Number of protein chains: 2
Amino acid sequence: MESAPQKTIYFGTFVHSLEPTHLDICKNGAIGVDEAGKIVFVERDVENVEAVKKLHDWTSDAVVVIPTTGFFFPGFIDTHIHASQYPNAGIFGKSTLLDWLNDYTFPLEGSLSDLTRASHVYHRVVSRTLSHGTTTASYYATIHVPATNLLANICKARGQRAYIGRVCMDAMGPDYYRDESAAETLAKTRETIDYIRSIDPTHETVTPIITPRFAPACSTGCLADLGALHRETGYPIQTHISENVPEVNLVKELFPERKGYADVYDYAGLLTDKMILAHAVHLTDEEVALVKARDAKISHCPSSNTALTSGCCRVRKLMDAGIDVGLGTDVSGGFSASILESARQALGVSRFVAMTEGDAAKLSVEEVLYLGTRGGAKVVGLADQIGGFDVGKSWDAQMIVLNNVDETAQTHHELEAPVDYFGWETFPDLIHKWVYNGDDRNVGAVWVKGKLVHETSKSKS
Amino acid sequence: MESAPQKTIYFGTFVHSLEPTHLDICKNGAIGVDEAGKIVFVERDVENVEAVKKLHDWTSDAVVVIPTTGFFFPGFIDTHIHASQYPNAGIFGKSTLLDWLNDYTFPLEGSLSDLTRASHVYHRVVSRTLSHGTTTASYYATIHVPATNLLANICKARGQRAYIGRVCMDAMGPDYYRDESAAETLAKTRETIDYIRSIDPTHETVTPIITPRFAPACSTGCLADLGALHRETGYPIQTHISENVPEVNLVKELFPERKGYADVYDYAGLLTDKMILAHAVHLTDEEVALVKARDAKISHCPSSNTALTSGCCRVRKLMDAGIDVGLGTDVSGGFSASILESARQALGVSRFVAMTEGDAAKLSVEEVLYLGTRGGAKVVGLADQIGGFDVGKSWDAQMIVLNNVDETAQTHHELEAPVDYFGWETFPDLIHKWVYNGDDRNVGAVWVKGKLVHETSKSKS
């Protein structure tokens, strides 16, 4: 296995979502990827690699074979993660959103003005998310331009597809952590955009994303400026919406002239098909209709919504309304940098909704895997490039390796990954076991655009 | 570090629960453990090991020093786990209790009549639970006497404290998996008791536990026989209660003469202070009072209750009523064999209750750690022996090791455990990070009664 991209055939079982309820499991598959990392063929029921090479006049000898108890799976897409908050993962006590921001979050984010600390934190979060199979992430950094630019550098160097958001907030936060004016917000956001354009002009890997923190943190002028910037540049936007009840009430107080939270963004020209709205726990029916009308996207962040007692997002209702939904870890409102953990938590949250609102609310394992891949691709505006194994898409993928339990083994080896395969399970059952118990130890290798960006010894077994 | 027990001083930071809201964090501690695995002294604010040796006329040179970013913690107590269901961990689809039993559980349990398969499964579950720091487990096996006895052998050989329950069910289950009569239930239960007595007469490690599966699976005569057996032998009892609504309704139908689910067990003489009741999601106020009056114990199984959409156990209400509560993984209604995962899930479930019933329902990190250790010790009737680091108790402990993130590291090493310590966190914050993100990789070593029963390379670092 080489880290430099070359024409490669990926051979063995592959699994990907075709639609929310249909997970395609293909044994004996072969996927051909060219030097640019694009998928050029997908073959099923292949007898051997040589037959495929002949069929496609394939000259390269590079082949990656999946172990028997493993499968290729599309890379995960984290549609909402605060890179700057990673060191606080798991620290919230019994707080809820607004006190959590003041007590835990602003002090940590503020401290990343120190570039040594920022480097430490950002290298770590990129390492961890890659190890969890996240090939694309939509990051919030901090208000600091140099540290935000550093995050872009790190993602580019490590090869992780990333949206990089300099956090905009001129109306909330302590003195040491706030933009002084809407003008400063706009100027600093432009600075970061210019920088990212300079290091990646065609946005092959890193793309700026306009990031008003959330309505209560931004003045009306600031929101309007960012809406104008979005129209001018075409860059996507990310923010938070309707995460918890006191926050929704605060927005009503701060923007009495608007019809609701979603309308605040809509009025500013921010509610477009390039907007990623995180949480959407307490949207009204009118707001759901407005979000759908504008084709804005939603990032479901179940770990965070539970940990901060924010509430339960009605994902089924959003999907039924035709809104594109993806998964977000929301580190560190969410405690884990793993989208697989978010998928598990999404199963749990949907069951809590089902307990009071009926079985239709329940999401299936297949559906949460869709949200973490193809759904996420729509949310970040890359549905034509990532999220599944289709000809013309990019090879953004992970190798999942489960643990073949030796019948004679009586002890436990330190290096054994979770998810024991006993040999009698069906393949769909194995996938369920992976979703409920898997972790980064099951991720043997990760590729972005055909380039190997993470690897463990399991990929060689 | 030796696997044979010898007089040993455990030196460094230790952490244990004193009461539900009070987690004692002692840096520079020293705990002396004698050859029998009993704690003979606990010293705080110790300058060095030599000073402690002198103070206690200690002659042994065996010392285990905790790494800087680690701590000793009491072993976890799993108060409810179906060893036989381990291969199905994560497999339930969208099922709920009664269809899950028929579709997934009875076929698997039935297959363990094959002792080769039973050996495979039971070695694995003991390996996995030990690796997660579980030093005591209350196991359900199957209806098969030889396989149940095999589980007892394995626990004894591996040194895990265990209650071993041969499953009793003469009124439910497919033809291939059911006791033929109440008489057979009693006879086979006695067989297993006799066998366990023969291999561990004083129940140092393994103890029989009388295990009526749950009321709907047992005839009235069977329940009465098991109540009599409990009075005769004094052995503890475990069963399920009020897990989901259709089950509660089924019990009403099957036992119309009883006042409720708890009364079915009470009438049979099974509701005593040696009874472990799993789930208790839908108990009425009258039943809560009855459980308290009998001093019966409750095993809270949050992962399972969420995965099977059973409901949310009101743990705060049970604790406020003065009932002893512990945590159970309930593999494979629960998907994970880790009590740390159960603790995390208990935090989540309490937050879901809080969303509708108010903040008082929320459990803290400190409280769920109490439930997993000292609370669990009360539930399994070993409050005088395990659950905390007190003089006279047994050294049932785990070494927790967190990941000291090197500031210069830019990549991720395969062997790195979760829970990144950046260096600026407070110790209570570190513990919160561990609870939310830790796994078996953070468990460097595990001891039961002073004997090393699990170890990884991290214990040497």
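## Helices 4 and 5 of chain A

Let's start with a pair of helices: helix 4 (residues 145-158) of chain A packs with helix 5 (residues 182-199) of chain A at an angle of about 25°, and their axes are 10 Å apart. This is a predicted model. Angles under 35 degrees count as roughly parallel, and helix 4 of chain A and helix 5 of chain A are therefore roughly parallel to each other. Their crossing is right-handed.

So who touches whom? Helix 4 of chain A brings Val145(A), Thr148(A), Asn149(A), Ala152(A), Asn153(A) and Lys156(A) to the contact, while helix 5 of chain A brings Lys188(A), Glu191(A), Thr192(A), Tyr195(A), Ile196(A) and Ile199(A).

## Helix 7 of chain A

Now for helix 7 (residues 245-254) of chain A, where Glu247(A), Val248(A) and Val251(A) are buried. Looking down the axis of helix 7 of chain A, the buried residues fall within an arc of 100°, so they line one face of the helix. Turned away from that buried side are the exposed residues Lys252(A) and Glu253(A).

What do the buried residues of helix 7 of chain A pack against? Their partners are helix 2 (97-111), strand 12 (237-241) and helix 8 (261-267) of chain A.

## Helix 7 of chain B

Over in chain B, helix 7 (residues 245-254) has Glu247(B), Val248(B) and Val251(B) as its buried residues. They cover an arc of only 100° around the axis, which puts them on the same side of helix 7 of chain B. Lys252(B) and Glu253(B) are exposed on the other side.

The cover over the buried residues of helix 7 of chain B includes helix 2 (97-111), strand 12 (237-241) and helix 8 (261-267) of chain B.

Methods: Residues numbered from 1 in each chain as written. Chains lettered and ligands numbered in written order. Predicted model: local features only at pLDDT ≥ 70, side-chain atom pairs only at ≥ 80, totals over all residues. Heavy atoms only, no water. Buried < 20%, exposed > 50% of the residue type's maximum accessible area, 1.4 Å probe, protein only. Helix = DSSP H or I, 4+ residues; strand = E, 2+ residues; numbered from the N terminus. Arc of directions from axis to C-beta. Contact = heavy atoms within 4.5 Å. Axes fitted to C-alpha atoms, helices over the stretch in contact; angles between N-to-C directions. Parallel < 35°, antiparallel > 145°, perpendicular 65-115°, else oblique. Left-handed = near helix turned anticlockwise from the far one by under 90°.
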